[in-house]
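Colleague: Before we look at particular features, could you walk me through how you would read the surface, the pockets and the charged contacts of a model like this one?

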Amino acid sequence: MKTLYVIPARGGSKGIPHKNIKPLAGKPLIGYSIDVARQLAADDDICLTTDDPEIAATAESMGLNVPFLRPASLATDTCGTYEVLIHALDFYRDRGIDYDTLVLLQPTSPMRTADDVRAALALYSPDIDMVVTVKEAASNPYYNCYETDNDGFLHISKGDGGYTRRQDAPKVWEYNGAVYVINVESLRRMPLSAFTRRRMSVMPAERSVDLDTPVDWLIAEKLIENSKQ
């Protein structure tokens, strides 16, 4: 199984300006994903895809070759991950290199470790669409998630509302954005949202921080500082 590790790093970021190259505990954010990928693959099988020359230069200052800058049409707020991944795969296919599996490492998950990726890879097989990392959801639709009915009254999202203790309710999971092990054949047929054969790889909450806001950034910095101590 030939695997491509893809790190998508768009230049625009509204929540945290210049997020992908902003130093986090002394290291540019993309450096965390590059370091993890290098524990699993040779540089030739690591693709940092960006539209931003400054991000590309930052990656290259770490010794990672950035083989292309993606077009502006793949760098908008409305462009999805699917199109970015297909563009990267097509770049290599045009050069005679085909990959069976793609591992998506989003830079916004700096607490992810190489062992987290290995655990997800161990669960993958070619007869499924994807293995994705998850954490136990902070809210539970059987217990404390509500919807409104036509009259505007709240009712429990799922089930009959009979659970009075959270620990008795069925466990539910949410994607943490850290690792996606993707079947390339499936990806070329449909977007990730259409996948039906998905397996989960569970990660703890402390390694599931997803950087979207300045508060998330502060939490990640504190966790990294604590881990160094």
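This is a predicted model: local features need pLDDT of at least 70, side-chain atom pairs count only at pLDDT 80 or more; totals for chains, interfaces and linings use all residues.

Modeller: Let us begin with exposure, where a residue is called buried under 20% relative accessible area, exposed over 50%, and partly exposed in between.

Colleague: Which residue does Arg118 meet in a salt bridge, and at what N to O distance?

Modeller: A salt bridge is taken as a side-chain nitrogen of Lys or Arg within 4 Å of a carboxyl oxygen of Asp or Glu. The partner of Arg118 is Asp115, with 2.7 Å from N to O, and Asp115 is exposed, having a relative accessible area of 53%.

Colleague: How are Arg118 and Asp115 placed in helix H4?

Modeller: The general idea is that an α-helix has 3.6 residues a turn, so residues three or four places apart point the same way. In this structure Arg118 and Asp115 both belong to helix H4 (residues 114-122), and because they are 3 residues apart, about one helical turn separates them.

Colleague: How many salt bridges does the structure hold, and which parts does the pair of Asp90 and Arg188 tie together?

Modeller: There are 9 salt bridges in the structure. Among them is the one in which the side chains of Asp90 and Arg188 meet at 2.9 Å, N to O. Since Asp90 lies in helix H3 (residues 81-93) and Arg188 in helix H5 (residues 184-189), this pair ties together parts that are 98 residues apart in sequence. Asp90 is partly exposed at 28% relative accessibility, and Arg188, with a relative accessible area of 28%, is partly exposed as well. Another salt bridge joins Asp168 to Arg165, with the closest N and O atoms 3.0 Å apart; here Asp168 is partly exposed at 40% relative accessibility, and Arg165 is partly exposed at 42%.

Colleague: Turning to the pockets, how much space lies in the largest pocket, and which residues are the closest to its centre?

Modeller: One reads a pocket through its volume and its lining, where lining residues have an atom within 4 Å of a point of the pocket. The largest pocket holds about 570 Å³ of space, and of the 24 residues that line it, Pro8, Arg10, Lys19, Thr81 and Gln106 are the closest to the centre. By class, its lining divides into 8 nonpolar, 9 polar and 7 charged residues.

Colleague: Is H1 largely enclosed or open, and why?

Modeller: H1 is largely enclosed by the rest of the structure, because 8 of its 10 residues are buried. Among those buried residues are Tyr32 and Val36, both of which also line the second largest pocket.

Colleague: Finally, which residues form a nonpolar patch on the surface?

Modeller: Trp173, Met200 and Val202 form such a patch, and together they have about 260 Å² of accessible area. Met200 has its place in strand S10 (residues 198-202) and is partly exposed, at 39% relative accessibility.

Technical notes. Residues are numbered from 1 along each chain as its sequence is written. Side-chain values use heavy atoms; hydrogens and water are left out. Patches are made of residues with over 30% relative accessible area and no salt bridge: like charges are joined within 9 Å, nonpolar side chains (Val, Leu, Ile, Met, Phe, Trp, Tyr) within 5 Å. Accessible areas come from the Shrake-Rupley method with a 1.4 Å probe; for residues, only the protein chains shown count as cover. Helices (H or I, at least four residues) and strands (E, at least two) are DSSP runs, numbered from the N terminus. Buried means under 20% relative accessible area, exposed over 50%, partly exposed in between (1.4 Å probe, protein chains only). On a 1 Å grid over the protein atoms alone, a cavity is a set of points where a 1.4 Å probe fits but cannot get out, and a pocket is an open set with protein on both sides within 12 Å along at least five of seven lines; lining residues have an atom within 4 Å of a point. Grid points are joined across faces, edges and corners, and a volume is the space filled by probe spheres set on the points. Ala, Val, Leu, Ile, Met, Phe, Trp, Tyr, Cys and Pro count as nonpolar, Asp, Glu, Lys and Arg as charged, and the others, Gly among them, as polar.
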